[in-house]
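Welcome, and thank you for opening the viewer. Take a moment to turn the model around, and then follow the stops below one at a time.

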Amino acid sequence: MADTASAAGEAAGGEAGDPVAPYPAAEIAAAWQRERPGVPTGSIEIVTPIWWLAKLFANDRDRVLRAAGIDTATLDLLSVIRRSGPPYALSTREIAQRTLVTAGAISQRVARAERDGFVERAPGTTGRRTVLVSLTADGHALIERSVDAVLGREAALVDSLSPPERAALVALLDKLFTDVKGRVTGRDVAP
């Protein structure tokens with residue numbers, strides 16, 4: 001434990017052996033335990049940093065997207081079409097399924113992106129109500145630039161993690177996400 005504290009102190013800019021203040025989430029958990037003994041605080045040191053990281057990542061991504069000239073909703077739409085591969089066209093139903101956004105929201109996003117010249121709509125071949133959405137040349141160019149900017153920045157933000165640390169974090173986040181998603185969507189009714 002002392003080795004971990006020393007390493008953390010050095011990483012924070014201190015000298016080896018310097019006492020290390022508890023992580024802020026640990027301070028929050030300790031304060032609740034002091035003020036409300038017995039209240040369950042075991043999640044604070046997990047959930048609080050996830051919330052903080054989500055906010056930091058979201059704010060940074062917003063800055064990168066603004067600089068690239070695209071908003072989050074348009075990035076989401078163009079990305080799902082681009083990832084589909086040539087001919088870069090999907091039905092509005094496929095887009096809704098892949099983005100987990102309502103059909104109404106997809107309709108609004110497609111209309112805005114079409115107005116801006118990033119996508120085109122065409123009748124589908126599988127039914128009279130099917131609409132295919134495809135990238136225009138401008139949409140393709142925008143998503144290529146945007147993905148390079150966003151993924152490059154996010155790679156830089158996590159480059160302090162070693163490959164084994166990344167693999168461990170990916171596995172733990174996937175496990176936690178799957179479990180929490182099941183619990184909050186009603187697939188698991190355990191408390």
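A contact, or touch, means heavy atoms within 4.5 Å. This is a predicted model, so a few limits apply: local features need pLDDT of at least 70, side-chain atom pairs count only at pLDDT 80 or more, and totals for chains, interfaces and linings use all residues. Residues are numbered from 1 along each chain as its sequence is written, and side-chain values use heavy atoms, with hydrogens and water left out.

**Stop 1: the whole chain**

Show everything as a cartoon. Walking from the N terminus, the order of elements is α-α-α-α-β-α-α-β-β-α-α. The chain has 191 residues, and 24% of them count as buried. Buried here means under 20% relative accessible area, exposed means over 50%, and partly exposed lies in between (1.4 Å probe, protein chains only). Among contacts with a separation of 6 or more, 43% join residues 24 or more positions apart.

**Stop 2: a threonine in a loop**

Select Thr41, in the loop between helix H2 (24–35) and H3. Is Thr41 buried or exposed? Thr41 has a relative accessible area of 14%, so it is buried. Leaving aside residues up to four places away in sequence, Thr41 touches Ala29, Trp32 and Gln33.

**Stop 3**

Now colour helix H3 (residues 44–68) and helix H7 (residues 137–157). Two packed helices are described by the angle between their axes and the distance between the axes. The axes of H3 and H7 come within 10 Å and cross at roughly 145°. Those axes are lines fitted to C-alpha atoms, for helices over the stretch in contact, and angles run from 0 to 180 degrees between N-to-C directions. The crossing of H3 and H7 is right-handed: a crossing gets that name if the near helix is turned clockwise from the far one by less than a right angle, and is left-handed if anticlockwise.

Show the side chains where the two helices meet. H3 brings Phe57, Asp60, Arg61, Val64, Leu65 and Ala68, while H7 brings Leu142, Ser146, Ala149, Val150, Arg153, Glu154 and Leu157. Sorted by class, this contact holds eight nonpolar, one polar and four charged residues. For that sorting, Ala, Val, Leu, Ile, Met, Phe, Trp, Tyr, Cys and Pro are nonpolar, Asp, Glu, Lys and Arg are charged, and the others, Gly among them, are polar.

**Stop 4**

Move to the loop between H4 and S1, where you will find Pro87. The peptide bond from Pro86 to Pro87 is cis, with omega near 10°. Tyr88 lies in this loop between H4 and S1 too, and its phi is near 60°, a positive value in a residue other than glycine.

**Stop 5: the sheet**

Select the three strands, which form an open antiparallel sheet in the order S1-S3-S2. Two strands pair if DSSP finds at least two bridges between them. S1 and strand S2 (119–123) are the edge strands, each pairing on one side only. Neighbouring strands here are turned by 25° against each other on average, direction ignored. Between S1 and S3 the antiparallel pairing runs over three bridges, and Leu90 stands opposite Val133 in S3. H5 packs on this sheet, touching S1 and S3, and its direction makes about 90° with that of S1.

**Stop 6**

Which residues of helix H5 (residues 92–99) are buried? They are Ile95, Ala96 and Thr99. Seen down the axis of H5, these buried residues fall within an arc of 100°, so they line one face of the helix; the arc is that of the directions from the helix axis to the C-beta atoms. Their cover includes helix H4 (72–83), strand S1 (89–91), helix H6 (103–115) and strand S3 (131–135). On the face turned away from the buried side, look for the exposed residues Arg93 and Gln97.

Zoom in on Thr99, which is buried with a relative accessible area of 13%. Thr99 touches Asp76, Val80 and Ile106, not counting residues up to four places away in sequence.

Select Leu100, in the loop between H5 and H6. Leu100 has a positive phi of about 60° although it is not a glycine. With 73% relative accessibility, Leu100 counts as exposed.

Note on methods: Helix = DSSP H or I, 4+ residues; strand = E, 2+ residues; numbered from the N terminus.
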